[in-house]
Amino acid sequence: MSDAPTYPPRGELVIRTIAMPANTNSNGDMFGGWLVSQMDLGGAILARNTARSRITTVAIDAMSFHDPVYVGDIVSCHALLGKTGRTSMRIEVEAWAQRHKGGEHVRVTTGIFTYVAIDDHGRPQPVHR
Ligand SMILES: CC(C)(COP(=O)(O)OP(=O)(O)OC[C@H]1O[C@@H](n2cnc3c(N)ncnc32)[C@H](O)[C@@H]1OP(=O)(O)O)[C@@H](O)C(=O)NCCC(=O)NCCS
């Protein structure tokens with residue numbers, strides 16, 4: 001049995017956008033920091049909807065860049081809620097690129113983002129209140 005990732009992945013589709021030339025690195029491929037920010041935004045959408053409050057990113061772990069993203073690819077981020085603590089939420093985020101040329105779906109990046117539910121003063125508060 002192959003353990004190759006299959007599309008669509010588990011988890012909620014939280015971001016869908018097109019990779020634009022403004023965000024390229026010196027190789028002409030998409031800048032890794034741009035992709036991480038999309039994943040952070042995507043995970044934050046799920047975290048915010050889960051906690052129904054402000055949230056903030058406290059940690060990013062296990063980031064892996066599996067394949068490059070090219071200009072014109074359609075990039076989608078999928079977020080899956082993992083362990084929920086008292087105030088924190090671990091969310092697995094996968095980014096997939098649908099190639100501009102050919103249309104195939106490729107899993108390009110994976111990471112685990114941890115968010116903390118916070119109150120209006122930026123202090124941690126329970127996820128489930
Ligand atoms: C997130 C923040 C509010 C947490 O405040 P804190 O005083 O450290 O709070 P706590 O120690 O009570 O930790 C809160 C939760 O975060 C978790 N946590 C803290 N640091 C963590 C880390 N490095 N990795 C994973 N979880 C972490 C704790 O385990 C706890 O989870 P739980 O309540 O589910 O058990 C504070 O650290 C902060 O404001 N950080 C900056 C966040 C930010 O600006 N993010 C954007 C970066 S540009």
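**Reading charges and fold in a predicted model**

Q: How many positive and negative side chains does the protein have, and how far apart do the centres of the two sets lie?

A: Lys and Arg count as positive and Asp and Glu as negative, while His and the chain ends are not counted. The place of a charge is taken as NZ of Lys, CZ of Arg, CG of Asp or CD of Glu. In this protein there are 13 positive and 12 negative side chains, and the centres of the two sets lie 8 Å apart. The model is predicted: local features need pLDDT of at least 70, side-chain atom pairs count only at pLDDT 80 or more, and totals for chains, interfaces and linings use all residues. Residues are numbered from 1 along each chain as its sequence is written, and side-chain values use heavy atoms, with hydrogens and water left out.

Q: Which helices and strands does the protein have, and what pattern do they follow?

A: Helices (H or I, at least four residues) and strands (E, at least two) are DSSP runs, numbered from the N terminus. Here there are one helix and five strands, and along the sequence they follow the pattern β-α-β-β-β-β.

Q: How many salt bridges does the count give?

A: Side chains of opposite charge can pair when their charged atoms come close. A salt bridge is a side-chain nitrogen of Lys or Arg within 4 Å of a carboxyl oxygen of Asp or Glu. By this rule the count comes to three.

Q: Where do R99 and D73 lie?

A: The side chains of R99 and D73 meet in a salt bridge at 2.6 Å, N to O. R99 lies in the loop between β4 (88–98) and β5 (105–118) and D73 in the loop between β2 (54–65) and β3 (74–84), so the pair ties together parts that are 26 residues apart in sequence.

Q: Are R99 and D73 buried or exposed?

A: Buried means under 20% relative accessible area, exposed over 50%, and partly exposed in between (1.4 Å probe, protein chains only). Both R99 and D73 are buried. Of the 129 residues of the protein, 39% count as buried.

Q: Which strands hold E94 and R107?

A: The side chains of E94 and R107 form a salt bridge at 4.0 Å, N to O. E94 is in strand β4 and R107 in strand β5, 13 residues apart, and the pair links distant parts of the chain. R107 counts as partly exposed, at 24% relative accessibility.

Q: What relative accessibility do R123 and D119 have?

A: R123 forms a salt bridge with D119, their closest N and O atoms being 3.4 Å apart. R123 counts as partly exposed at 49%, whereas D119, at 17%, counts as buried.
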